[in-house]
Amino acid sequence: MAATAASNPSQLLPLELVDKCIGSRIHIVMKNDKEIVGLYLRLLPLLINSDMVLEDVTEFEITPEGRRITKLDQILLNGNNITMLIPGGEGPEV
Amino acid sequence: MQRFVVQFYLEKRLSMFLLGVYEKPFNHLLCAVPVILSLCLLSFVVVHLQDKEKKKKESIFDLSKYIDKPIRVKFQGGREASGVLKGFDPLLNLVLDGTIEYMRDPDDQYKLTEDTRQLGLVVCRGTAVVLICPQDGMEAIPNPFIQQQDG
């Protein structure tokens with residue numbers, strides 16, 4: 001029953017990978033054409049929602065080919081629209 | 001004069017309400033009994049359902065057979081990605097290695113090879129995943145519906 005998921009020791013759990021990159025840069029791709037690159041701060045309990053606290057954030061908008069605001073002072077990113085998380089990512093190089 | 005009428009009317013209503021309660025004490029208790037019974041029934045049903053849900057927690061699809069195999073994932077919002085599945089969890093969060101992301105062009109409807117970029121090791125949020133399939137198991141075919149329109 002419970003042996004279907006995560007019983008294989010050789011596999012990498014997604015939340016483990018995200019926990020490993022606390023304190024380092026992370027690149028987040030949203031459902032729309034927006035991407036966020038920032039420093040992933042302290043461990044916010046990554047429950048079901050996966051809201052994230054980031055610092056020194058750069059926001060990229062892909063379609064209009066522009067780099068948006070560079071924000072500091074920690075943002076709380078709503079986890080509802082997160083599609084992909086890329087640890088150590090530098091963002092789209094435009 | 002009108003003020004007295006209104007005041008008397010309100011006082012009469014209040015006294016009638018109070019009298020109504022005191023006149024039928026057993027009616028008050030009788031009203032409570034079915035409430036208690038329904039609460040018991042409801043709690044029993046809820047507990048029973050929870051037991052059933054605990055047994056049903058296994059997922060209907062076993063992803064462990066796709067570990068270390070290239071898969072294609074489609075997301076809400078039109079994004080597509082493919083990579084080697086390295087891990088997953090019951091919430092359908094995925095770990096993909098060597099990920100290539102394909103993005104839809106709004107002008108060209110749907111063209112795969114327009115915008116592909118390498119992403120490397122990626123965690124995909126399970127709430128955004130719409131479709132998972134093995135990369136070998138799908139191919140692009142010419143539109144089969146055009147022939148029907150001509151005929």
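Chain B of this predicted model contains three helices and five strands. Read from the N terminus, its elements follow the order α-α-β-β-β-β-β-α.

**Chain B overall**
- Of the 151 residues in chain B, 24% are buried.
- When contacts in chain B between residues at least 6 apart in sequence are considered, 45% join residues at least 24 apart.

**Nonpolar cores**
- The largest nonpolar core has 19 residues, and those with the most contacts inside it are M84(A), V73(B), F75(B), L85(B), L94(B) and C124(B).
- Two or more residues of this core come from each of β6 (82-87) of chain A and β1 (70-75), β2 (80-88), β3 and β4 (115-124) of chain B.
- Another core, of 17 residues, lies apart from it and includes V18(A), I26(A), M52(A) and L85(A).
- In soluble globular proteins, nonpolar side chains tend to be buried together.
- Not counting residues up to four places away in sequence, F75(B) touches T83(A) and M84(A) in chain A, as well as E80(B), A81(B), C124(B), A128(B), V129(B) and V130(B) in chain B.

**E101(B)**
- E101(B) is located in strand β3 (residues 94-103) of chain B.
- E101(B) counts as buried because its relative accessibility is 0%, and the cut-off for buried is under 20%.
- The side chains of E101(B) and R79(B) make a polar contact at 2.6 Å.

Terms used
Residues are numbered from 1 along each chain as its sequence is written. Chains are lettered from A and ligands numbered from 1 in the order in which they are written. This is a predicted model: local features need pLDDT of at least 70, side-chain atom pairs count only at pLDDT 80 or more; totals for chains, interfaces and linings use all residues. Side-chain values use heavy atoms; hydrogens and water are left out. Helices (H or I, at least four residues) and strands (E, at least two) are DSSP runs, numbered from the N terminus. Buried means under 20% relative accessible area, exposed over 50%, partly exposed in between (1.4 Å probe, protein chains only). A polar contact is a pair of N or O atoms within 3.5 Å; within protein, one must be able to donate a hydrogen and the other to accept it, and residues adjacent in sequence count only if both atoms are side-chain atoms. A nonpolar core is a set of buried Ala, Val, Leu, Ile, Met, Phe, Trp, Tyr and Cys residues joined through side-chain atoms within 4.5 Å. Contact means heavy atoms within 4.5 Å.
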